[in-house]
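Biologist: I am new to this structure. Could you walk me through how to read its features?

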Amino acid sequence: MSDKTWLFTSESVSEGHPDKVCDRISDAVLDAYLTADPQSRVACETLATTDRVVIAGEVRGPDNVRQHVEELARMAIKDIGYEQKGFSWKTCAVENLLHEQSADIAIGVDEGDKGEEGAGDQGIMFGFACNETDQLMPAPIQFSHRILRYMAEDRKSGAQTGFGPDAKSQVTLKYRNGLPVAVDTVVVSTQHMEHLTQAEVREMVRPYIKRAFPSDWSLPEDKLIVNPTGKFVIGGPDGDAGLTGRKIIVDTYGGAAPHGGGAFSGKDPTKVDRSAAYAARYLAKNVVAAGLADKCQIQLAYAIGVPEPVAVYVNTLGTGRVDEDKLAATLCDMVRLTPRGIREHLDLLRPIYARTSAYGHFGRDATADGGFSWEKTDLADELARVFGATAAAE
C-alpha cells in the first residue's frame, strides 16, 4: 500500500459568532412553538447587526407565542453572553415580523388522504459518517468544535474572563492512508477584553488546544496562529452582521462530505432540509457503527408536497463490505423516510433545537429528553445481523 498523505482543514465558529447568534434565536423561537403545540409549523429567519435584531418568517401555531418572541431573543443573547457596547441583550432593538404560513405551502405539506404529510420543500440532503473519531465524524470539524466549546464553557462559568463571545477556530490535520495521524496547523481568532495583548491571548488559548487533541499529538509553535490581525475587541453583530443559516458547513461535516444547500436552524421537522439531513446522518452513522463500511455517504431527494423521497443513494466510498443497493433497500425498510416517518422514528416534535445551534448538529451525544436522537446507533446490531454473513465473507 502506498504511503499517501495529505492535509485537510475544517472550521468552526462559536455561539457568539453573528451568524450563530441568529441561528440560536431562530431555534429558540422554534422550541417555543413546539413547546406550546408540537404540531406547529415554523420557518424563522433572524438578522442581527449593531444594536438591532430583526426576526421574520412564517409560522402556524398558538398566537400567544408571537407575543414572547422579543423576550426569547433577549434571553438567547443573554445566555450567549452579549452585554457590551454595540450589542446587548438589555438594550438592542428587537423587531418581530413573523407572519402566518403561506396557504399554498400548507396545502402541499398537510396530511392527504393517506395520512401522510408531503415534504415541506424540494431539495437534496446528505448524511455522512466515518471511523475517524469515536463520534464517527470527520476529525477536523470535531476538533474545531471542541476547542471553541471548551473556551465557551470556561468563559460562561467565569473560569476565563478574558474571552468575548465571538470566536472562530480552524484545524488542519495530516492524513495518511485515509486516517488522521497528526495536527498540522491550528488557527484561533477570539474576541477578547481590550487590555489584553496578542501574546497574552495566545497563552490563554493554548490550554484549550492542548486539551482538544490526543495527548500524543504535538503542534509546532509556528503552526499555532492566534488572532492574526493582532486585535479582536469589537465582535459579534456589532462587528459583522449575522444571518440565520449562513454556516451550513460548520453545522455539518466541515467540508468532508457534500451538502445539499439547505440550512437547519429555525425550521420545524416538516422541512426536510432539517429532518431528512438528520435521518441521512442517522442511517450513515449506523452503517459505520455496524462495521459495514469505514465511510458512508447517503443522499436523499424530495419533491415538495410528496411524502416519499424521489431518490435514495448510498455510497460507501470504496470502504464498504456489502452491496450498496441491498444496503439502501434495507435502510429504507428499517426507517420510513417520509417526513412523518422520520419525525416519528427520531421523535423530532420536541423543543430540542436551540442546543443544536452551535458546535455542530452532528457528533453530539443523544440525551435523555430526545435531543440529538439522530446520533443513536440503535440500528447497528440489526444491520450487522442482516449483513453479517456477507460482511464476514468480504
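Biologist: Let me start with one side chain. Is Arg-66 buried, partly exposed or exposed?

Modeller: Keep in mind that this is a predicted model. Arg-66 counts as partly exposed, at 24% relative accessibility.

Biologist: Which residue forms a salt bridge with Arg-66?

Modeller: First the general idea. Side chains of opposite charge can pair when their charged atoms come close. Here the partner of Arg-66 is Glu-100, and their closest N and O atoms are 2.8 Å apart.

Biologist: How many salt bridges does the whole structure have?

Modeller: The search finds 30 salt bridges.

Biologist: Let me try another pair. Which parts does the bridge between Arg-206 and Glu-221 tie together?

Modeller: Begin with the contact. Arg-206 and Glu-221 meet through their side chains, at 2.9 Å from N to O. Arg-206 sits in helix H6 (residues 198-212), while Glu-221 sits in the loop between H6 and strand E10 (224-226), so the bridge links parts 15 residues apart in sequence.

Biologist: And what is the exposure of Glu-221?

Modeller: Glu-221 is partly exposed, at 43% relative accessibility. Arg-206 is partly exposed as well, at 26%.

Biologist: Where do Glu-382 and Arg-385 lie?

Modeller: Both are in helix H11 (residues 380-393). They are three residues apart there, so about one helical turn separates them. Now check each partner. Glu-382 is partly exposed, at 34% relative accessibility. Arg-385 counts as exposed, at 58%, and the exposed class begins over 50%.

Biologist: Which residues do salt bridges with shared partners join into one network?

Modeller: Look at Glu-117, Arg-336, Arg-340, Arg-343 and Glu-344. Salt bridges that share partners join these residues into one network.

Biologist: What lines the largest cavity?

Modeller: The lining has 13 residues. Those nearest the centre are Phe-126, His-259, Gly-260, Phe-264 and Ala-277. Strand E7 (123-130) and helix H8 (272-289) each supply at least two lining residues. E7 gives the most, with three residues.

Biologist: How does that lining of the largest cavity divide by class?

Modeller: Seven of its residues are nonpolar, five are polar and one is charged.

Biologist: What about the second largest cavity? How much space lies in it?

Modeller: The second largest cavity has about 70 Å³ of space. Its lining includes Ser-14, Leu-148, Met-151, Phe-163, Thr-190 and Tyr-359. Helix H5 (139-157) and strand E8 (163-176) each supply at least two residues of that lining.

Biologist: Which classes make up the lining of the second largest cavity?

Modeller: Seven residues of this lining are nonpolar, three are polar and one is charged. Arg-155 is among the residues that line the second largest cavity, and Arg counts as charged.

How values were computed. Residues numbered from 1 in each chain as written. Predicted model: local features only at pLDDT ≥ 70, side-chain atom pairs only at ≥ 80, totals over all residues. Heavy atoms only, no water. Salt bridge = Lys/Arg side-chain N within 4 Å of Asp/Glu carboxyl O. Buried < 20%, exposed > 50% of the residue type's maximum accessible area, 1.4 Å probe, protein only. Helix = DSSP H or I, 4+ residues; strand = E, 2+ residues; numbered from the N terminus. 1 Å grid on protein atoms, 1.4 Å probe; cavity = no way out; pocket = protein on both sides within 12 Å on 5 of 7 lines; lining within 4 Å. Points joined across faces, edges and corners; volume = space filled by probe spheres on them.
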